[in-house]
Amino acid sequence: GNFGEGEAMRYFEHALALRNTLEFLRHNKELMPTPPPLNPLSHQGPGIDLLRCESVNSLDAATRRRILNKNYSLLVSMAPLSQEIVPVSSVIPQHIGPAIAEVNSVWFKFWLYDKLGCGPASILFTKGTRLRRVPRIFMVHRVEVG
């Protein structure tokens, strides 16, 4: 069925993808690093937890380090971070994913497009700039209406 549209649908699809990924990782016996315990229901695959950065960062630094080092071998950021969320930065356990919110900003994308020499046509205008016509760079993307 149709559960929403636009931004809401995008978040719903991401939530489904995350759920499916977690289920795969939790229940894939081929990924199990150690032999199964005596009780087969107690552990069906490698352990995996979903943590909120805010919850982990509410702990003092020593406690946070101790808990992460004791209980986790890898941290993976599954969602873009915003400016309001301080990332959980860690060397041990290793952290994979955007360590800073700026990686998800439009400015980083502009920088990346410039360095790679590809990406959508982009122009940066200062606040208050008025355009009298569409810049030439965008003319190839012109759409006829009507």
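How exposed is Phe125, in terms of its relative accessible area? In this predicted model, Phe125 is partly exposed, with a relative accessible area of 38%. I shall return to that residue after a brief account of the whole chain.

Colleagues, let me begin with the overall architecture. The protein contains four helices and two strands. Their order along the sequence is α-α-α-β-β-α. Of the 146 residues in the protein, 15% are buried. The accessible surface amounts to about 12400 Å², and carbon and sulfur atoms contribute 59% of that area. As for contacts, consider those with a sequence separation of 6 or more: 17% of them join residues 24 or more positions apart.

Phe125 lies in the segment after helix 4, which spans residues 106-116. Together with Ile123, Leu131 and Ile137, Phe125 makes a nonpolar surface patch of about 340 Å².

Arg130, Arg132, Arg133 and Arg136 form a positive surface patch. Arg132, one of these four residues, is also located in the segment after helix 4. What is the relative accessible area of Arg132? The value is 83%, and Arg132 is therefore classed as exposed, since the threshold for that class is over 50%.

To summarise, the segment after helix 4 holds Phe125, a member of the nonpolar patch, and Arg132, a member of the positive patch. Thank you for your attention.

Technical notes. Residues numbered from 1 in each chain as written. Predicted model: local features only at pLDDT ≥ 70, side-chain atom pairs only at ≥ 80, totals over all residues. Heavy atoms only, no water. Patch = residues over 30% accessible without salt bridge, like charges linked within 9 Å, V, L, I, M, F, W, Y side chains within 5 Å. Areas by Shrake-Rupley, 256 points an atom, 1.4 Å probe, with all protein chains shown as cover. Salt bridge = Lys/Arg side-chain N within 4 Å of Asp/Glu carboxyl O. Buried < 20%, exposed > 50% of the residue type's maximum accessible area, 1.4 Å probe, protein only. Contact = heavy atoms within 4.5 Å. Lys, Arg positive; Asp, Glu negative; His and termini not counted. Charge placed at Lys NZ, Arg CZ, Asp CG, Glu CD.
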